[in-house]
Amino acid sequence: MAETIDVKSIMSEIREDIQKKGYTNDMLSFDDVVMDAGAAQVTKFDKVKFNEEIFIINHEWNVQAYRPLQGGRISVFFKKVIRKLVYFFVEPIVISQDGFNASLVRMMNQMNCYIEEQDDEIKELKQKIADLEKSAKSEQ
C-alpha cells in the first residue's frame, strides 16, 4: 500500500519553522553555504587551488599494482600466493588505469597552459582598453 505524501502540510511546517526562527530572505544566500573540502561542486575558479591539484596529479598519476608486503612470514607467504593468482587479472587493469591517468594529466597540463595564455591575453587587452580610454579622454 503506497503512502500518500501531503506536500502542502510539509511546506506549511517548513514555513512555520522558518517563521519561528526569524529567518528572512535577505539573511539567506547560497554564497553563505560552506561546502566540504571533498565537494565536487565549485563556485569560482581558484588559480592557486588549480595549481596545487596540477602538482598533485603530476606526482601521483602512476598507480602501483603491488605494494611491498608487510606482516609475518606466513602472512607474507599467503599474500605472495594470492598475488601470483590474481596477477593476470590485476596487471591489465592497472596498466589501463595508468594510461588513462597519464592522458588526463597531460590534458590538465595543457589546460593549465591555456589558462595562463588566456590570462596574459586578457591582461594585454585590459591594458589596451585602459590606454584607449586614456587617449579618448585626453582628446576631449
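Is N112 buried or exposed? In this predicted model, N112 counts as buried, because its relative accessibility is 11%, and the cut-off for that class is under 20%.

Let me place that residue. N112 belongs to helix α3, which spans residues 73-139 and bends by about 65° at Y87. Setting aside neighbours within four places in sequence, N112 contacts K47, F50, N51 and I54. The buried residues of α3 are V76, V94, D98, N101, A102, V105, N112 and I115. Among the elements that cover them is α2, residues 47-60.

With a relative accessible area of 14%, N101 is buried. Its side chain makes a polar contact of 2.7 Å with the side chain of Q97. Apart from neighbours within four places in sequence, N101 is in contact with W61 and V63.

Next, the charged pairs. How many salt bridges does the count come to? The count comes to two. One joins E116 and K47, with the closest N and O atoms 3.7 Å apart. E116 lies in helix α3 and K47 in helix α2, so this pair ties together parts that are 69 residues apart in sequence. E116 is partly exposed, at a relative accessible area of 36%, and K47 also counts as partly exposed, at 23%. K47, I would remind you, is one of the residues in contact with N112.

In the other salt bridge, the side chains of K49 and E53 meet at 3.1 Å, N to O. Both residues lie in helix α2, four residues apart, which is about one turn of the helix. As a general point, an α-helix has 3.6 residues a turn, so residues three or four places apart point the same way.

Finally, the surface. A nonpolar patch is formed there by I74, F77, F78, V81, I82, L85, V86, F88, F89 and I93. Together these residues have about 1,100 Å² of accessible area. One of them, F77, has its place in helix α3.

Methods: Residues are numbered from 1 along each chain as its sequence is written. This is a predicted model: local features need pLDDT of at least 70, side-chain atom pairs count only at pLDDT 80 or more; totals for chains, interfaces and linings use all residues. Side-chain values use heavy atoms; hydrogens and water are left out. The bend at a residue is the angle between axes fitted to the seven residues ending there and the seven starting there. Helices (H or I, at least four residues) and strands (E, at least two) are DSSP runs, numbered from the N terminus. Buried means under 20% relative accessible area, exposed over 50%, partly exposed in between (1.4 Å probe, protein chains only). Contact means heavy atoms within 4.5 Å. Patches are made of residues with over 30% relative accessible area and no salt bridge: like charges are joined within 9 Å, nonpolar side chains (Val, Leu, Ile, Met, Phe, Trp, Tyr) within 5 Å. Accessible areas come from the Shrake-Rupley method with a 1.4 Å probe; for residues, only the protein chains shown count as cover. A salt bridge is a side-chain nitrogen of Lys or Arg within 4 Å of a carboxyl oxygen of Asp or Glu. A polar contact is a pair of N or O atoms within 3.5 Å; within protein, one must be able to donate a hydrogen and the other to accept it, and residues adjacent in sequence count only if both atoms are side-chain atoms.
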